[in-house]
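Biologist: Could we go through this structure together, beginning with the ligand and then turning to some individual residues?

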Amino acid sequence: MMYNSTRDRAVKVTAAEAIARGISEEGGLFVPEQLPSITLRDIEDLVDKNYVERAVFVLSRFLTDFTDAEVEECAASAYTAERFSGEHPAPVHFMKDGTAVLELWHGPTCAFKDMALQILPHFMRVAAKKTADGNEIVILVATSGDTGKAALEGFRDAPHTRILVFYPENGVSPMQKLQMTTQEGANVGVCAIRGNFDDAQTGVKTIFTDPVVKEKLAKAGKQFSSANSINWGRLLPQIVYYISAYCDMLKNGSIKLGDPINVVVPTGNFGNILAAYYAREMGLPIARLVCASNCNNVLTEFLRTGTYDRNRDFHTTVSPSMDILISSNLERLLYHLCGENDTQIADWMKQLKENGKYTVSDEVFAKINDLFAAGWCDDEQTLQEIHDIYEREQYLCDTHTAVAMRVYREYRDSTKDTTPTVVASTANPYKFSASVLSALKPAIDGKDEFAVVDELHALTGCPIPAPLAGLKGKQPRFTGVCDRDTMEQAVFELLG
Ligand SMILES: *Cc1c(COP(=O)(O)O)cnc(C)c1O
């Protein structure tokens, strides 16, 4: 299987090249030329398999230039019981009303990004062997909080790689910041940026596509790649868990083979929900994809009107991993929906860059309407949802998951759509302890992060994940801050 660029269909690369490069030279994103299919028979066969076996089945259909042994080795090294604290890396929790909560946060950094970032370094190692001529791969990451830590943890001390992470100085939770600034490993670097996530992401994209920088790196025997969800190697592992969740719902008896399900995803960069779209296009019986946002609701508006308009205030919310106004992966969806019209995509993306805005054709909008529903909620509603779910179910959700739960409830109430539903649960509640605790009881100002963690634990008995407990008392290693214009300089400084 080959991969094309969304902005130039003539570009044609192998999976290994797509993963090693991260982004296409003209700024487009790599997409599979055609999608492999998954039949009901295949799904039936996967029901009694474990997660690694399910992953190998799905991944090998996309990584046709990897050997079977390579795919198996990647999956088996990534999804171990040790790293994912238990037998099932992505278990489903069933609520009393039957809602299936797909828990994607059992990995080492307690957010769903681990599902992809624990396996990406293994893909990268295999891909580099096939394509990178012995170059050292420099992973450049812009993060709204969770990607940064998950990428650092995935790539730390991985041979022939360096990893540099930029995060918005005031845009991440105290726990997220501490997770990143205390990162261990000889090949890692972390720097704060004065600005928001979109500034960091735009800065990283600019450095990536700058030919002068590229040449400078090549002279030093290095090349860039990306661990953001613009990298195909990030999206691919996410397709697996939607298929796995369907198998677990079959196993649990909540659906029968072939029954459609809906999928609700708390969305930022549009990566996670796009993976569900790919699973659907492969043949997984998904009816509706419900896109949930916080008050940075640019996607809600787009999916409801067909106009993407990022000209609006940026809000810092209690669900910071979704504080995004430019959702990069939407480009891939639009490419597929507009009949792979690369010039059209290049044009919309140019309008987005120049005017912050574009409107899709009626034809594309009609397809969006068939596939997607969208909704958003504010911080107060998010916290209320955490409170209500805890009261009802003694189940503790993080702020991002709560946004999805709230949007789903409103969707179900207003449409009367009772299709069995999977809600993606994207983070462990202790990653956002202060917000979660404030949802359960009033006023907790001025307490240090770990006092809040302890209090939340005392109140709920919900287990504190070991990787978070282990941060207590750790001194930060990385304290640097840069501006968007000085990011390039920071990159070269961190690389020495
Ligand atoms: C990254 C993240 C999201 C958003 O996922 P996208 O793939 O960017 O849409 C949602 N919740 C949490 C906890 C995250 O870390």
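Predicted model: local features only at pLDDT ≥ 70, side-chain atom pairs only at ≥ 80, totals over all residues.

Biologist: Which residues come nearest to the ligand?

Modeller: There are 15 residues around the ligand, and those that come nearest are K113, D146, G268, N269 and N272.

Biologist: And by class, what is in the shell around the ligand?

Modeller: The shell consists of five nonpolar, eight polar and two charged residues.

Biologist: What lies 2.5 Å from an oxygen atom of the ligand?

Modeller: That is a polar atom in the side chain of D146. A polar backbone atom of N272 is 2.9 Å from an oxygen atom of the ligand, and a backbone N or O atom of G271 is 3.2 Å from an oxygen atom of the ligand.

Biologist: How much of the ligand does the protein bury?

Modeller: The protein buries 98% of the 380 Å² that the ligand exposes when taken alone. The space that the ligand takes is also the largest cavity.

Biologist: Now a new topic. Where is T143 found?

Modeller: T143 is in the loop that runs between β6, residues 136-142, and α7, residues 146-155.

Biologist: Is T143 buried or exposed?

Modeller: T143 is buried, because its relative accessible area is 0% and the cut-off for buried is under 20%.

Biologist: What does the side chain of T143 reach?

Modeller: The side chain of T143 comes to 3.4 Å from the backbone nitrogen of T147.

Biologist: What about S24: where is its place?

Modeller: S24 belongs to the loop between α1 (15-21) and β3 (30-32). Its relative accessibility is 2%, so S24 counts as buried. S24 and R7 are 17 residues apart along the chain, and their C-alpha atoms are separated by 8.5 Å.

Biologist: And Q34, buried or partly exposed?

Modeller: Q34 counts as partly exposed, because its relative accessibility is 46%. This residue is in the loop between β3 and α2 (40-46). The C-alpha atom of Q34 is separated by 8.2 Å from that of M2, which is 32 residues apart from it along the chain.

Biologist: Let us turn to a strand. Which one holds K357?

Modeller: K357 lies in strand β13, residues 357-359. With a relative accessible area of 38%, K357 is partly exposed.

Biologist: How far apart are K357 and F270?

Modeller: In sequence, K357 and F270 are 87 residues apart; in space, they are 17 Å apart, C-alpha to C-alpha.

Biologist: One last topic, the phi angles. What is the phi of S85?

Modeller: S85 has a positive phi of about 35°, although it is not a glycine.

Biologist: Where does S85 lie?

Modeller: S85 is located in the loop between α4 (68-78) and β4 (92-94). S85 is exposed, because its relative accessible area is 54% and the cut-off for exposed is over 50%.

Biologist: And what is the phi of H160?

Modeller: H160, a residue other than glycine, has a positive phi near 60°. The place of H160 is in the loop between α7 and β7 (161-168). With a relative accessible area of 61%, H160 is exposed.

How values were computed:
Residues numbered from 1 in each chain as written. Heavy atoms only, no water. Near = heavy atom within 4 Å. Polar contact = N/O pair within 3.5 Å; in protein donor to acceptor, adjacent residues only side chain to side chain. Areas by Shrake-Rupley, 256 points an atom, 1.4 Å probe, with all protein chains shown as cover. 1 Å grid on protein atoms, 1.4 Å probe; cavity = no way out; pocket = protein on both sides within 12 Å on 5 of 7 lines; lining within 4 Å. Sits in = over half its atoms within 2 Å of the grid points. Nonpolar A, V, L, I, M, F, W, Y, C, P; charged D, E, K, R; others polar. Helix = DSSP H or I, 4+ residues; strand = E, 2+ residues; numbered from the N terminus. Buried < 20%, exposed > 50% of the residue type's maximum accessible area, 1.4 Å probe, protein only.
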